[in-house]
There are 2 protein chains.
Amino acid sequence: MDSYSLPYTFSQRAQKLTSSTIREILKVTERPEIISFAGGLPSPKGFPVEVINKAFDRVLQNSGMSALQYGPTEGYAPLRAWVAEDLSKDGANVTPDEVLIVSGSQQALDMLGKLFIDPGSNVLVEAPSYLGALQSFSLFEPNYVAVPTDEGGLIPEALTAERAAGARFIYALPNFQNPTGLTLSLERRQALVERCAALQVPIIEDDPYGELRYAGQAQPGLLGLGRKAGATVIRLGTFSKVLAPGLRLGYIVAPKPIVSKLVQIKQATDLHTATLTQMAVYEVVKDGFLATHLPKVRDLYKEQCGYMLDAMDQHFPDTVSWTRPEGGMFIWVNLPAHIDGSQLLARAIERNVAFVPGAPFYAGPNPQANTLRLSFVTVSEEKIREGIAILGKLIKES
Amino acid sequence: MDSYSLPYTFSQRAQKLTSSTIREILKVTERPEIISFAGGLPSPKGFPVEVINKAFDRVLQNSGMSALQYGPTEGYAPLRAWVAEDLSKDGANVTPDEVLIVSGSQQALDMLGKLFIDPGSNVLVEAPSYLGALQSFSLFEPNYVAVPTDEGGLIPEALTAERAAGARFIYALPNFQNPTGLTLSLERRQALVERCAALQVPIIEDDPYGELRYAGQAQPGLLGLGRKAGATVIRLGTFSKVLAPGLRLGYIVAPKPIVSKLVQIKQATDLHTATLTQMAVYEVVKDGFLATHLPKVRDLYKEQCGYMLDAMDQHFPDTVSWTRPEGGMFIWVNLPAHIDGSQLLARAIERNVAFVPGAPFYAGPNPQANTLRLSFVTVSEEKIREGIAILGKLIKES
C-alpha cells in the first residue's frame, strides 16, 4: 500500500522498522516437526514452578492489597536492597538507591536508548552483538560503531580514541555473550574498563547469563572493576535466566544521577514494574533459594551443551570452527567463507532444522555472513544429535 | 553540576526532563498525617484478592511451565480473544488480531509516541488532559496543539481544519476524563469521529474508567462510532481499574497495519507482557467474573464521590464551581480567577491537605492556573469531610 494513501502518518523511526528476520524464522520453528536451534528460550525444566507458586500465595495472602496496588517507579524496596547486596559480593559496593527494577532487561535497553541516544549519536557495540539490543537502540536512530572481536571476545585495544570519539556508550556482554558464547578474560576486562575510564565512554554491561557458568573460572564483573578504575558502568541483570522469563523482571544498576533520570523515563514508559511480581520474586530469593537452585540449572545447561559439542565434533567437517562456551545458551559457528548462513538456513529448514544465521547480529556495514548461532538448551539429546548430523551433511555438501 | 563536567552525555530528550510536580507532591502525601486528594490510586477495597490468588494458583498448577516461559509479543491468544469479544458488545466488531496486550496502558502511550511522533510533530490534546500521557508523549518531543473544552468536555467544533493540519493524532478520554471527570455526550462523540474521519486525524481513545460508571447513561465508545464513520480509532483499555493496577496489564485495539507496527515496537520495548499475569487475568475474567464484581466497585466509588460532592456543597463558597462526574475517580474544581492552584496547594499542605493543582494538565502555552483536581476514592468519609472543610476555609480566605 502506498503510504501516502494511508489515513495516518507514522514517525520516521516507525517507517524504518522492517519485519525482523528472527521473527520470521521463529514462525517457521513453531511447526512441531522442526528441530530448532534458533530459540533463545531458557529450559522450562529449570523453572522452579512450585516455589514460585508458593511465593505468589504468600504475598497475596499476607499483603494482597499492597501487592495489587500501584507501586513506586524505582521498584519494591526490599528487592532493590537484595539486588544491591547480591551484586556487592563482587566487591562493587552497590547501594539500594543505585538499583532500579525494570520489566525485564529488554526494557532496560529501551530506557537506556531513551536516555543516551539522539538520532545520529555514535554507539559502540561488539561485532557481533545481541540482536534484541540492536532492535531496541535502533528505535532511537544511533550510528553504530562496531568494535571488532576475536576468539577471546571484544578486543579492548580496538577501542581507540578515534573509534570512541563522541560515543554515548559501549554495550558489552562479558559473560557467554549472545550470540558468540564467548567470555572476556580478566585481562581484557581490566583493559576495557581502563580505556573506557580514560576515554569517558560509559559502559553498559549486560549480564543475563553470568549465573549460568558451568565451566572455567568466574570473572569479576565490569561494574566492580569499572568503579575501581573510575569508569561509568551501568549494569543490567535479569531474573529471566535464573528463575523464569515469563515473569518479566530485571534491573539496572547505575550511578545515582543516572538512576534518577531513568526513574523519570521509566515513569513515562510504564509507570512501574508489576508490584505483585516483584514481591513474589523477593519472597523466592530472599532466603538464599538461588544458591540451591542454580547448581541444578547449571548442570542441565552443561549437559545440553555437551551433547551439542559432542555431536558437532562428530558431524561437522574440519573447515568449520566453533566456540566452546563456559556458560549460557549459545554456540557460535564459523563456516567456510563461501557458505552464507542465510542460504544454509533455507536448505536446513527443508530438512526440518533451524538456527539463526549470523549476519543480523552485526550492526556495522560488513556483517560476517558465514556464521550462525546455535542454541542447545531446549532440544532433547536425541534431536540435538539428529539435527547436528543434518547440518553437518548440509555443510559438507555446500 | 555543570553538564560539561559529567563523564557521559544524555540525549536531548533526557536533558529536557525535569522533576515532575506530581512526583514531588506525592512524596509529601506519603506522610501519614496528610489527607490526600492528590492520588490517582484506585481503592484497594475493590481488589478481588482471593479471586486473583486462586487464578494464579490454577495457572501455575495446570500450566506452570508455559506460564513462566517467554510468550508471543502480541499477547496471550485467549486474552486477546476475550478483549475482542468484550469490546464488540459495543457494536465495534473487534477481531482478536486487532488486539495487542501491553504492560499497563501507560506503556501503550509510550508505544504510540514511538509509532506516531517525530520531533515537532503536531499532536492534539484536550485542554486539560491526562498528565501521564503528556509525560509519555513528551519524550518524543511533539508540538502540542490544545483543543478547548467546556463543561461538556472536548468541543468537536474546535477541531478545525487549521488546528488539525498535520496532526499525527488526537488523544481523548471520553468517559469521566482524567483530570476533569467530564463525559462526552453522544452528539459530541458523533461529531468528533466525523470530523476526524474527514480531516484524517487518527483518534487515540483512552478509556481506563469506562466500566466505572455509577450515574447517567452509558455512551457508545469512539471505537465503534469511529469505525462506522470511517475514522481511524486506536482504543486503549486497562485491567488496572476493573481488577488491580499492580498487575500492570492493559491493551491496545487498532487496525491490523497499526497493530503490526506496534508489535515490532513492543518487541523492542520489552519483548512481551508477563505471560503468567496474562494467563491469570484471563482465568479471572473468562467466565464473566467482572459482571458480578464491577457493581460492587461502582457502588464503592459512587459512595465516595457522594461524600466529597456533599462536603463541597457544604464548605465551598459560591465563587467556586466543580464537575459532577458520572463515573471514575476525579472532580475538577474551577477557583475564582485570582486563586492559583499551586499557591493554594502550598497553604493546604501546611494544613495537611493535598490535591493536584490544575496547571500541569495543560499542554498548551496558557494553562488555566485557577483549577485543581480532587480524587475521592481512597480517603475515608470522615477525612474527606475534614479535608474539604479545610480547603473551603482556605479558598474563602484567599
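Predicted model: local features only at pLDDT ≥ 70, side-chain atom pairs only at ≥ 80, totals over all residues.

Visitor: Is B:Ser103 buried or exposed?
Guide: B:Ser103 is buried, with a relative accessible area of 7%.

Visitor: What does B:Ser103 touch, leaving out residues up to four places away in sequence?
Guide: Within chain B, the list is B:Arg248, B:Leu249, B:Lys266, B:Asp270 and B:Thr273, and from chain A there is A:Asp270. With B:Asp270 there is also a side-chain polar contact of 3.0 Å.

Visitor: B:Arg248 is on that list. Where does B:Arg248 lie?
Guide: In the loop between β8 (233-238) and β9 (250-253) of chain B. B:Arg248 is buried too, at a relative accessible area of 6%. Its phi is near 55 degrees, which is a positive value in a residue other than glycine.

Visitor: Which other residue has a positive phi, near 65 degrees?
Guide: B:Asn352. That residue sits in the loop between α13 (341-350) and β12 (353-354) of chain B, and is partly exposed at 27% relative accessibility. As background, most residues other than glycine have a negative phi, and most peptide bonds are trans.

Visitor: Where is a peptide bond cis?
Guide: One joins A:Ala127 and A:Pro128, with omega about 5 degrees. A:Pro128 is in the loop between β3 (122-127) and α6 of chain A. In chain B, the bond from B:Ala127 to B:Pro128 is cis as well, with omega near 5 degrees.

Visitor: Back to the two chains. How is chain A laid on chain B?
Guide: By a turn of 180 degrees and a shift of 0.0 Å along the axis, giving an RMSD of 0.0 Å. That is the relation of a two-fold axis. The same surface serves both copies, since 100% of the contact residues of chain A recur in chain B.

Visitor: How many residues are in contact, and how much area do the chains bury?
Guide: 78 residues of chain A are in contact with 78 residues of chain B. Between them the chains bury about 6,700 Å², 58% of it on carbon and sulfur atoms.

Visitor: How many salt bridges and polar contacts are there across that interface?
Guide: The rule finds 2 salt bridges. One of them is between the side chains of A:Asp110 and B:Lys114, at 2.6 Å from N to O. Elements giving two or more residues to chain A's side include α5 (105-116), α10 (256-270) and α11 (275-285). That side divides into 35 nonpolar, 30 polar and 13 charged residues.

Visitor: How many residues of α11(A) are buried?
Guide: 10 of its 11 residues, so the helix counts as mostly covered, buried being under 20% relative accessible area. Among them are A:Met279 and A:Val284. The buried residues pack against α3, α4 (77-88), β2 (99-102) and α12 (289-315) of chain A, and against α3 (49-67) and α11 (275-285) of chain B.

Visitor: Last topic, A:Asp150. Where is A:Asp150 found, and what is it in contact with?
Guide: A:Asp150 is in strand β4 (residues 143-150) of chain A, partly exposed with a relative accessible area of 25%. Leaving aside neighbours within four places in sequence, A:Asp150 is in contact with A:Ile155, A:Leu182 and A:Arg188. A polar atom of the A:Asp150 side chain also lies 2.7 Å from the backbone nitrogen of A:Gly152.

Definitions and conventions: Residues numbered from 1 in each chain as written. Chains lettered and ligands numbered in written order. Heavy atoms only, no water. Least-squares fit on C-alpha atoms with pLDDT ≥ 70 in both. Contact = heavy atoms within 4.5 Å. Buried < 20%, exposed > 50% of the residue type's maximum accessible area, 1.4 Å probe, protein only. Polar contact = N/O pair within 3.5 Å; in protein donor to acceptor, adjacent residues only side chain to side chain. Buried area = accessible area lost by both parts, 1.4 Å probe. Salt bridge = Lys/Arg side-chain N within 4 Å of Asp/Glu carboxyl O. Helix = DSSP H or I, 4+ residues; strand = E, 2+ residues; numbered from the N terminus. Nonpolar A, V, L, I, M, F, W, Y, C, P; charged D, E, K, R; others polar.
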